[in-house]
Amino acid sequence: MGQLPVVEPHPRTENVFKRDGKPLVAKVPHLNGDYLQFRVEKAMELLGGLDQAIRPGDRVMIKPNFNCSYALPLSTDLGFLAAVIEVLQEAGAKVTVGEMSGRADWPTEKVIANLKVMPVLHRYGVQFVNFQYDDWLKLEVDGDHWNSFRVPRSLYEADKRVYLANMRGHSSARFSAALKLSVGWIDLQDREFLHNDRETVAEKVAELNLGWQPDLALIDGRRSTVTWHGRGDYVYPNVIMASGDMVALDAEAVRILKQFPEDNNLDMPIADMGQISQAVRHGLGSLDYTLVEAPANIGTEQRGRAKRTCS
């Protein structure tokens, strides 16, 4: 790869989605038939408005999870991706999507083709950046496990970053949600180091977020799995969540996953989980947050008979 340009972490940006000094986590029920865009907008409303973080003209990089060629919760649902693109574009953002798939289902082009991602992006005029072919930068960090790792220039130089995470159990990191999206922006050599010691994977994942803080993170929790290996039978939390704080968001996701009994790696205090504890130690987020919830849609918007009805 040759000599790479060396860059430093971006200054930590303040989470704008707070109340009384505490980060907000928006939790919106999503039931079959609900319009996803409306529920994403509801989450933004609960946080106080997307315009606090995203302004017209911002170059926004969406980081989804296209780790493998399988559906939610192993990969970002295309309907969810489309809903977030619509909300961001309506806010005036210039949206790009970037990702690099995992070792198990490499290469990224195959995963993107199998998942039918490009027709969705073409519909909205959104460019896809395959990080594998991006310019790579050497990001120097002050971590316990990492002193540097390689990151794609397009993600590092974006004005704003929006994460689209899923939530599920995971074999080596205990769970996969917003913090773990970071694995998708390091190169294959760094991924080898990430996985070379199973006992340190979770802490290493947290430290991959030392380079910058996302402006917004969302979790599609409509469908999940809670087994230790992250596969198997589905469970249905039926929620969409959003926050400016990855630690708070992931903690709430794990609390939800814990409600579904299973033989897994979630049977321990959330604060003691490696991803969470290491992220808190490095000041990447807080476990002291405020949950703001919306009611589920349980009836038509216009109840009863009306003089004019939809036909």
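Two strands count as paired if DSSP finds at least two bridges between them, and a strand here is a DSSP run of E with at least two residues, numbered from the N terminus. This is a predicted model, where local features need pLDDT of at least 70, side-chain atom pairs count only at pLDDT 80 or more, and totals for chains, interfaces and linings use all residues. Residues are numbered from 1 along each chain as its sequence is written, and side-chain values use heavy atoms, with hydrogens and water left out.

Q: How do you know that β1 and β7 (residues 136-140) pair?
A: They share two bridges, in the parallel sense, and at least two is what pairing takes. In one of them, V6 has K138 in β7 as its bridge partner.

Q: Why do β1 and β8 count as edges of the sheet?
A: The open sheet has three strands in the order β1-β7-β8, with mixed pairing. β1 (6-7) and β8 (148-152) each have a single partner strand, so one side of each has no neighbour in the sheet.

Q: What makes α8 and α9 roughly antiparallel or roughly parallel?
A: Helices are DSSP runs of H or I with at least four residues. Angles run from 0 to 180 degrees between N-to-C directions, using axes fitted to C-alpha atoms over the stretch in contact. Under 35 degrees is roughly parallel, over 145 roughly antiparallel, 65 to 115 roughly perpendicular, and the rest oblique. α8 (residues 246-257) and α9 (residues 274-281) pack at about 160°, with axes 10 Å apart, so they are roughly antiparallel.

Q: Which residues make that contact between α8 and α9?
A: V247, D250 and A251 of α8 meet I276, A279 and V280 of α9, where contact means heavy atoms within 4.5 Å.

Q: Which residues of α2 and α4 meet?
A: On the α2 side you'll find L78, L81, A82, I85, E86 and Q89, and on the α4 side V117, V120, L121, R123 and Y124.

Q: Why is K18 called partly exposed?
A: Buried means under 20% relative accessible area, exposed over 50%, and partly exposed in between, with a 1.4 Å probe and protein chains only. K18 comes out at 36%, so partly exposed it is. You'll find K18 in strand β2 (residues 18-19).
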